[in-house]
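Here is my note on the model you sent.

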Amino acid sequence: MKTGPDKAGYFGAYGGRFVPETVMPALLELEEAYGAAKKEKAFRRSVDRYLKEYCGRPTPLYFAERLTAAFGGPRVYLKREDLNHTGAHKINNCIGQALLAKRMGKNRIIAETGAGQHGVATATAAALFGMKCVIYMGVEDTRRQSLNVFRMKMLGAEVVPVDSGSKTLKDAINEAMRDWVTHVKTTHYLLGSVLGPHPYPVMVRDFQAVIGREARRQIVRAEGRLPDLLVACVGGGSNSIGLFHPFLGDDAVRMVGVEAGGRGKKLGDHAARFSGGSIGVLQGTLSYLLHDRHGQIAPTHSVSAGLDYPSVGPEHSHLRETGRVEYTSVGDRAALDAFHFLSRTEGIVPALESAHAVAWLRKAARSLPKGDLVILNLSGRGDKDVVTVASGASQV
Amino acid sequence: MAGRAVLRERLASLRRDGATGLIPFLTAGDPSMAFTERAIRALDRPGVVAIELGVPFSDPLADGPTIQRSSERALAAGVTLPATLDLVRRLSGTISTPIVLMSYYNPMLRHGLDRFAKRARRSGVAAVIATDLPVEEGAPYRKAMDRVGVGTVFLAAPTSSRERVSRIAEASDPFLYYVSMTGTTGSGSDLPKDVVDRLEMIRRLIATPLAVGFGVTRPEHVKRLAPHCDAVVVGSALVAAVEREKRTVDRLGALDRLVGRLCGPLAGRGA
């Protein structure tokens with residue numbers, strides 16, 4: 001199944017390049033460089049080598065026996081992206097883009113980060129390849145995730161706290177874009193999700209699709225057939241599209257993306273773009289968006305910083321429109337419960353982002369046929385969230 | 001005569017006279033609509049070819065700290081796109097300087113492009129600049145604006161190739177807005193060394209009237225740019241001058257003094 005994008009970067013009606021002219025030529029250059037690199041065997045081999053020997057891929061597809069027993073219906077497999085180097089799927093994309101930037105002769109890397117996972121992964125790749133690295137992070141997030149700020153600094157990155165707007169992820173992206181506009185000739189913007197202007201959504205998807213390619217091989221080896229259901233959380237949407245994409249042509253495989261339901265349905269209390277948003281343009285892409293009736297971007301809330309963003313990758317908007325993927329949401333409380341539940345049932349502490357997917361499956365499992373094969377993408381580990389959970393669990 | 005036609009004629013007349021005009025920028029509703037209204041009336045003066053009015057946006061990613069703060073103050077005062085259009089409507093007919101709206105794309109898109117275009121036309125808006133809309137994405141927007149006779153101004157940058165500049169000029173009416181430097185609004189204390197060469201290259205390439213902005217903060221900048229373009233845009237410096245004062249009368253005074261100084265280098269040129 002072909003989902004695009006077309007030449008202008010559109011997945012159906014979504015995507016495109018809504019950026020100031022100054023960076024437009026850089027996007028065209030990036031598109032061309034990426035197009036050439038992905039056709040080149042040496043580049044692909046280099047990416048694969050670092051993913052294998054440095055990141056520890058392939059990550060296991062683990063049959064969760066006690067989880068399966070607890071659910072009493074489907075057979076549940078966890079795709080263990082939490083076992084990647086740096087603790088999440090983010091590194092897959094960072095290795096690819098850092099190697100591409102090197103190939104383009106750009107030795108300065110900038111990136112945004114919310115929870116800090118993408119910032120840590122970017123700082124790691126920059127250290128690995130000897131590149132200068134600046135990470136933009138909302139002041140609010142530097143407080144919530146101070147441990148990751150230290151990690152980035154230890155890896156040699158400069159961390160710039162962003163004090164404008166809501167002081168979170170979207171403001172960090174604005175500031176990274178401002179840096180890019182200013183230093184566009186020497187700098188590569190290493191965007192962390194399937195967001196932003198073309199070619200980022202397709203490029204990040206391609207680098208993350210390793211998740212789904214591996215999972216496909218692994219499930220066929222373990223069970224002799226394809227899965228019935230794939231589940232993943234959706235913030236910008238890179239871990240979910242990474243798992244889903246290699247299965248899109250398999251019509252019998254059902255796919256569910258789980259957004260952050262936050263603390264309620266009111267605008268400002270959640271990050272459920274599909275149920276609470278409408279079409280709009282933010283930070284380079286046309287997609288579903290949480291905004292008020294005058295087009296001002298709305299504040300968002302989620303207990304999980306990685307899902308706390310007002311827009312969603314344009315390919316997801318397209319997949320929702322075609323009906324190929326179902327999207328739903330899970331609130332803070334259910335996600336926190338699932339965080340504890342998976343920790344105690346399997347001895348795996350999930351990232352709060354991934355816990356949203358666990359929470360959905362926990363509820364849906366009852367209505368799934370016995371013996372159905374499910375793959376849940378465990379996109380990251382929860383060490384970063386221990387403080388949040390310990391301090392906030394009683395308040396939610 | 002509609003706003004776009006007035007602005008076309010004003011730019012043509014500057015070109016005939018070998019003169020250059022000033023385009024001052026203010027954010028609508030910073031710190032209040034009442035102040036903006038008074039400020040625009042004060043800016044309606046010789047030497048000013050058009051007034052650029054910014055629609056505040058929650059995520060102004062092409063703007064430096066000064067205009068970001070200005071945008072935040074305006075949003076805090078409850079300013080919206082319709083409120084900005086209402087202000088233009090109150091002003092048009094009572095001032096002779098055309099008003100150009102500058103907005104990020106999402107507020108216009110959310111309003112509905114056709115609905116926005118009609119409303120802009122009725123309010124007397126001469127042209128619109130969409131900060132984050134490159135020509136590649138501009139077709140539906142241009143169609144909506146052109147249908148009602150509101151101009152569409154696109155931006156060109158130091159990174160734009162000759163081919164791109166030509167394409168941007170074709171989409172731009174009544175002028176093309178050249179971004180003097182790679183950076184956000186108001187950044188840098190000096191203009192790039194090669195800015196004059198770039199402007200001359202662009203003037204050889206296109207016949208469209210040419211305005212230059214971003215990083216133009218001092219009369220010396222205006223003096224240097226004026227012989228090589230039709231209009232000079234000053235934004236952050238004006239916003240900052242107003243920001244420094246507390247009382248309306250002092251704000252208007254600061255604005256008047258700075259605009260006077262910026263117009264100085266233009267006075268001897270043809271007009």
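1. Chain A holds an open sheet of 4 strands, in the order β7-β6-β5-β8 and with parallel pairing. Two strands pair if DSSP finds at least two bridges between them. Helices (H or I, at least four residues) and strands (E, at least two) are DSSP runs, numbered from the N terminus. In chain A, β7 (158–162) and β8 (187–189) are the edge strands; each has a single partner strand, so one side of each has no neighbour in the sheet. From one strand to the next, the twist averages 25°.

2. This is a predicted model, in which local features need pLDDT of at least 70 and side-chain atom pairs count only at pLDDT 80 or more, while totals for chains, interfaces and linings use all residues. Residues are numbered from 1 along each chain as its sequence is written, chains are lettered from A and ligands numbered from 1 in the order in which they are written, and side-chain values use heavy atoms, with hydrogens and water left out.

3. Strand β6 (residues 132–138) of chain A runs parallel to β7(A), and 5 bridges join them. A:M137 has A:P161 in β7(A) as its bridge partner.

4. Helices α5 (residues 117–128) and α7 (residues 146–154) of chain A pack at an angle of about 10°, with their axes 9 Å apart. Axes are lines fitted to C-alpha atoms, for helices over the stretch in contact, and angles run from 0 to 180 degrees between N-to-C directions. The angle makes α5(A) roughly parallel to α7(A) (angles under 35 degrees). A:Q117, A:G119, A:V120 and A:A123 of α5(A) meet A:N148, A:R151 and A:M152 of α7(A), where contact means heavy atoms within 4.5 Å.

5. Of the 8 residues in helix α13 (residues 314–321) of chain A, 6 are buried (under 20% relative accessible area, 1.4 Å probe, protein chains only). Among them are A:H316 and A:H318. A:G323, which follows α13(A), has a positive phi near 80°.

6. Is A:H198 buried or exposed? A:H198 is buried, with a relative accessible area of 5%. It lies in the loop between β8 and α9 (200–208) of chain A. The side chains of A:H198 and A:E31 form a polar contact of 3.1 Å (a pair of N or O atoms within 3.5 Å; within protein, one must be able to donate a hydrogen and the other to accept it, and residues adjacent in sequence count only if both atoms are side-chain atoms).

7. In chain B, B:D146 is part of helix α7 (residues 139–148). Its side chain makes a polar contact of 3.2 Å with that of B:R4.

How values were computed:
Buried < 20%, exposed > 50% of the residue type's maximum accessible area, 1.4 Å probe, protein only. Parallel < 35°, antiparallel > 145°, perpendicular 65-115°, else oblique.
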